[in-house]
Amino acid sequence: MITAQDERRHPAGPGEYWSESYYFSFYDEARDIGGFFRLGLEENRQQANMWCHLIKDGKPIYNRFRLNLPYSATGLDDVTVGGLRLQLLQPLKTIRLTFSDRHLQFDLLWEGYHDVFDMREAMGELPDDVAKGHYEQRARIEGRIVFGGGML
């Protein structure tokens with residue numbers, strides 16, 4: 001069973017590229033905009049990475065993928081990697097995501113609207129090194145996105 005403790009940092013697993021990662025995706029049909037945001041902490045390599053990707057009207061408009069960033073030992077209550085900030089407001093329920101550079105700014109509130117589920121259980125039998133500790137949750141996202149000086 002998944003508990004609030006699962007929202008916290010975990011001991012590193014085996015292998016050089018083991019990663020603690022958090023990703024968020026969304027799509028707003030009314031505005032035809034979608035996005036994908038990921039924050040990764042490579043515990044065994046003492047590095048971090050981030051990815052911010054936006055699609056508008058079916059076309060990519062922004063893609064920032066940064067590897068080999070400085071490692072952060074900060075807890076997940078408030079961690080920033082490459083400008084992408086994740087703030088855990090309520091475990092298994094509410095997360096605030098913010099980002100700002102010269103092209104893109106966003107301030108989004110991710111609010112889960114059903115229970116979190118374990119991806120391994122949902123997909124059936126998988127190899128031991130696939131989706132271990134991976135869980136999913138549908139959510140509602142509210143907030144604002146400014147791209148190139150204009151509100152999306």
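E43 is buried in this predicted model, with a relative accessible area of 12%, where buried means under 20% relative accessible area, exposed over 50% and partly exposed in between (1.4 Å probe, protein chains only). Its salt-bridge partner is R9, and the closest N and O atoms of the two are 2.6 Å apart; a salt bridge is a side-chain nitrogen of Lys or Arg within 4 Å of a carboxyl oxygen of Asp or Glu. Because E43 sits in the loop between β2 (33-42) and β3 (47-56) while R9 belongs to the segment before β1 (20-28), the pair ties together parts that are 34 residues apart in sequence. Strands here are DSSP runs (E, at least two residues), numbered from the N terminus. R9 itself is partly exposed, at 21% relative accessibility.

Local features in this predicted model need pLDDT of at least 70 and side-chain atom pairs count only at pLDDT 80 or more, whereas totals for chains, interfaces and linings use all residues. Residues are numbered from 1 along each chain as its sequence is written, and side-chain values use heavy atoms, with hydrogens and water left out.

In total, 9 salt bridges are counted. Among them is the pair D28 and R31, at 3.5 Å from N to O. D28 is partly exposed at 24% relative accessible area, and R31 is likewise partly exposed, at 48%. Another salt bridge links K56 with D57, with 3.8 Å between N and O. K56 has a relative accessible area of 23% and is partly exposed; D57, at 48%, is also partly exposed. Finally, E16, E42 and R45 form one network, joined by salt bridges that share partners.

Methods. Helices (H or I, at least four residues) and strands (E, at least two) are DSSP runs, numbered from the N terminus.
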